[in-house]
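Let's explore a protein together, one question at a time.

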Amino acid sequence: MSDRNTTGEGSANATSDGGAVISDGSLVARWEAVREREVTVVGLTVIAVALFPWLFSRAPVVSDLLLGYQSLATLMLIWGIFAVGFDLLLGYTGLLSFGHAAFWGGAAYVAGIVANNVSADPIVMVVSGTVFAILLAWVLGFLSLRRGGIYFSILTLAFGQMLYYMSAAPLAFLTGGENGLTGISVGALFGQFHLESELPSVAGTLLGNWMYLFVAVFAVLAVAAAYRILNSPYGMVFRAIRENEQRAEFVGLNVWRYKLMAFIISGAFAGVAGSLFTIHGSYVPLQSLYWTESGEIVIMTVLGGTASLFGPIAGAGLYLYVENIVSGVQTLYLPFTQVVLVQDFGTYWHLLLGLVFVVVIWVAPSGIWGGVSDLRSSVRDLVGGDRR
């Protein structure tokens, strides 16, 4: 009854204003009703992914200000997939892993080894790398989740470092040791489309090349899969474990099994991203297994906002932008003048990134995406209060 009365009141307001115009309250209500639907989330993701490389690297004025380029746009999506999967573990299940470089780098190596020795088909590379990451996540999760809290985090770090040192020496005949895995030749997609070639017509203007389209498909699928998981009973259990693990056990849930599944799912996302990283660069550095890679994905996720679907992607994009664009700025001038503020500005990009991180966490503890959501809620409440 109350919903019908509210709708009737909104219709009356619309009629008094002109008959055919829908009131702001009705528009907001309709948007809130469809905003969380899967088709809306996936559709908006497709639109954002399609427009991003054009705005970032080819749009007039905007791309000149951003100094973006096509390859970096693709790399941002790859790390975004990695960050979305990591947030399923950290943000929604409450498990902090310092060893996710094992899945990222391990999948990257397997994809490269398969390309050099079995098949250079991009899809085969992604599948093989992801399967390896899933199996590795099952083993490491089975061992690490026997302990909780900081002990779990340290165990994941130890296992990740073990894999790094194994790749550096005992497995150097496969991984290339300290030189990394080189000479990777990526084949044509479906045997016809070379990933580095430009897309035809309007698709080429928007997306650029086949490489970006290939990665973009996996990025959209990653968002869709994460959304489906989070809105399933599994996602509800993940949140329950994060909020209070003991209460989840009291109601009869096998907490350890769900935590293991969250770890495996997160590893699968890392495997997809790591495989795409190999396809994108045709090279796997030994650094991809080092603990600093795990630290970077933690920073990206927290910076963008944990427990949010798109926050980790935003955090990954900002981190890579500072690392690749800001680090290349040699001289910083006072805006609209030729007055030099800082020489060799790019060499201080780590300091700048640290300042950005501190400011974001200080101003918006829930990250960039959380801050945007809080601002949107405040504006909506303010507009609603004024209307009343």
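Helices here are DSSP runs of H or I with at least four residues, numbered from the N terminus. Keep in mind that this is a predicted model.

Q: In which helix is the place of T130?
A: Helices are numbered from the N terminus, and one of them covers residues 122–144. T130 has its place in that run, which is helix 7.

Q: Is T130 buried or exposed?
A: A residue counts as buried when its relative accessible area is under 20%. T130 has a relative accessible area of 12%, so T130 is buried.

Q: Which residues does T130 touch, not counting those up to four places away in sequence?
A: Leaving out residues up to four places away lets us look past the close neighbours in sequence. What remains for T130 is contact with A268, G271, V272 and S275.

Q: Is the aromatic pair of F82 and W104 stacked or edge-to-face?
A: A search of the whole structure finds 18 aromatic pairs, and F82 with W104 is one of them. Their centres are 4.9 Å apart, with 10 degrees between the planes. Planes under 30 degrees apart count as stacked, so this pair is stacked.

Q: How many residues apart in sequence are the parts that F82 and W104 tie together?
A: F82 lies in helix 5 (residues 70–90), while W104 lies in helix 6 (residues 101–117). The pair therefore ties together parts whose separation in sequence is 22 residues.

Q: What is the angle between the planes of F214 and F218, an edge-to-face pair?
A: F214 and F218 are 4 residues apart in helix 11 (residues 210–230), which means about one helical turn separates them. Their ring centres are 5.1 Å apart. Planes over 60 degrees apart count as edge-to-face, and here the angle is 75 degrees.

Q: Which ring does the charged end of R146 sit over?
A: A charge sits over a ring only if it is within 6 Å of the ring centre and within 35 degrees of the ring normal. The charged end of R146 is 4.5 Å from the centre of the ring in question, which belongs to F142.

Q: Which helix gives the most to the nonpolar patch on the surface?
A: The patch includes W31, L44 and L55, and its residues together have about 790 Å² of accessible area. Two elements give two or more residues to it: helix 3 (38–57) and helix 4 (62–66). With 4 residues, the one giving the most is helix 3.

Notes. Residues numbered from 1 in each chain as written. Predicted model: local features only at pLDDT ≥ 70, side-chain atom pairs only at ≥ 80, totals over all residues. Heavy atoms only, no water. Phe/Tyr/Trp six-rings, centres within 6.5 Å; stacked < 30°, edge-to-face > 60°. Patch = residues over 30% accessible without salt bridge, like charges linked within 9 Å, V, L, I, M, F, W, Y side chains within 5 Å. Areas by Shrake-Rupley, 256 points an atom, 1.4 Å probe, with all protein chains shown as cover. Salt bridge = Lys/Arg side-chain N within 4 Å of Asp/Glu carboxyl O. Buried < 20%, exposed > 50% of the residue type's maximum accessible area, 1.4 Å probe, protein only. Contact = heavy atoms within 4.5 Å.
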